[in-house]
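This report describes one protein model for a reader who is new to structural analysis. Please keep the sequence and the three-dimensional view at hand while reading.

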Amino acid sequence: MNVEAFIQKAQAMINLGRFELALKELQLALAQDPDNIDTLLSITVCYLELNQYEEALNYSKKILGIDPNESLGHYYQAFALLNLEKKDQAEIHIKEAIRLAPESAEYYGLWSLIYLQKRQWEKALEYAEQG
């Protein structure tokens with residue numbers, strides 16, 4: 001099977017909430033094309049959904065190592081960092097995600113959540129409204 005076939009099969013698994021099965025397909029795709037951003041993004045999503053934030057962080061770092069301008073890589077890294085209680089680092093990455101894709105409302109939602117966890121209510125509300 002080619003990379004796209006593995007990715008399509010994995011996407012179907014993701015849509016069904018079968019993240020562990022999706023990871024198996026994605027690892028097969030990654031073996032054929034280790035720098036495929038779509039595969040790495042999907043793997044990161046699976047690990048985030050499985051609450052395996054260290055693994056998600058590792059894959060988001062791989063994404064950004066290949067393409068530092070991949071806004072989803074920064075977004076996923078911010079999400080993983082926030083769940084690992086690293087709010088300041090999460091903020092750095094969400095700011096970069098927003099700089100790269102300012103039209104993405106969900107990015108502002110995460111930025112708002114970061115400020116909620118920092119107990120900075122006014123900033124949290126400000127970014128929630130921007131989203």
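By about how much of a helix are arginine 99 and glutamate 96 separated in helix α6? They are 3 residues apart in that helix, which means a separation of about one helical turn.

## Basis of the report

The model is a predicted one, in which local features need pLDDT of at least 70 and side-chain atom pairs count only at pLDDT 80 or more, while totals for chains, interfaces and linings use all residues. Residues are numbered from 1 along each chain as its sequence is written, and side-chain values use heavy atoms, with hydrogens and water left out.

Helices are DSSP runs of H or I with at least four residues, numbered from the N terminus.

## The nonpolar core

A nonpolar core is a set of buried Ala, Val, Leu, Ile, Met, Phe, Trp, Tyr and Cys residues joined through side-chain atoms within 4.5 Å. Buried means under 20% relative accessible area, exposed means over 50%, and partly exposed lies in between (1.4 Å probe, protein chains only). The largest nonpolar core of this model has 37 residues. Those with the most contacts inside this core are Ile43, Cys46, Tyr75, Ile94, Tyr107 and Leu110. At least two residues of the core come from each of α1 (3-15), α2 (19-32), α3 (37-49), α4 (53-66), α5 (71-83), α6 (87-100) and α7 (105-117). Helix α3 gives the most, with 7 residues.

Contact means heavy atoms within 4.5 Å. When neighbours within four places in sequence are left aside, cysteine 46 is in contact with Ile14, Phe19, Ala22, Leu23 and Leu26.

Threonine 39 is found in helix α3. Is threonine 39 buried or exposed? Its relative accessible area is 0%, and threonine 39 is therefore buried. Not counting residues up to four places away in sequence, threonine 39 touches Val3, Ile7, Leu26, Ala29 and Leu30.

Isoleucine 63 has its place in helix α4 and counts as buried, at 0% relative accessibility. Residues up to four places away in sequence aside, isoleucine 63 touches Ile37, Leu40, Leu41, Thr44, Glu70 and Gly73. Isoleucine 63 and histidine 74 are 11 residues apart in sequence, and their C-alpha atoms are 8.8 Å apart in space.

## Salt bridges

Side chains of opposite charge can pair when their charged atoms come close. A salt bridge is defined as a side-chain nitrogen of Lys or Arg within 4 Å of a carboxyl oxygen of Asp or Glu. By this rule the model has 4 salt bridges. One of them joins the side chains of glutamate 25 and lysine 9, at 3.5 Å from N to O. Glutamate 25 lies in helix α2 and lysine 9 in helix α1, so this pair ties together parts that are 16 residues apart in sequence. Glutamate 25 is buried, with a relative accessible area of 11%, whereas lysine 9 is partly exposed at 38%.

Arginine 99 and glutamate 96, the pair from the opening question, also meet in a salt bridge, at 2.6 Å from N to O. Arginine 99 is exposed, with a relative accessible area of 53%, and glutamate 96 is partly exposed, with 23%.

Glutamate 85 is placed in the loop between α5 and α6 and is exposed, with a relative accessible area of 58%. Glutamate 85 forms a salt bridge with lysine 87, and the closest N and O atoms are 3.8 Å apart. Lysine 87 counts as partly exposed, at 22% relative accessibility.

Glutamate 85 has a positive phi of about 65 degrees, although it is not a glycine. Asparagine 51, in the loop between α3 and α4, has a positive phi of about 60 degrees and is not a glycine either.

## The packing of α6 and α7

Two packed helices are described by the angle between their axes and the distance between the axes. Axes are lines fitted to C-alpha atoms, for helices over the stretch in contact, and angles run from 0 to 180 degrees between N-to-C directions. Helices α6 and α7 pack at an angle of about 160 degrees, with their axes 10 Å apart. Helix α6 is therefore roughly antiparallel to α7, a term for angles over 145 degrees. The contact involves residues of α6, including Ala90, Ile94 and Ile98, and residues of α7, including Tyr107, Leu110 and Trp111.

Note on methods:
Parallel < 35°, antiparallel > 145°, perpendicular 65-115°, else oblique.
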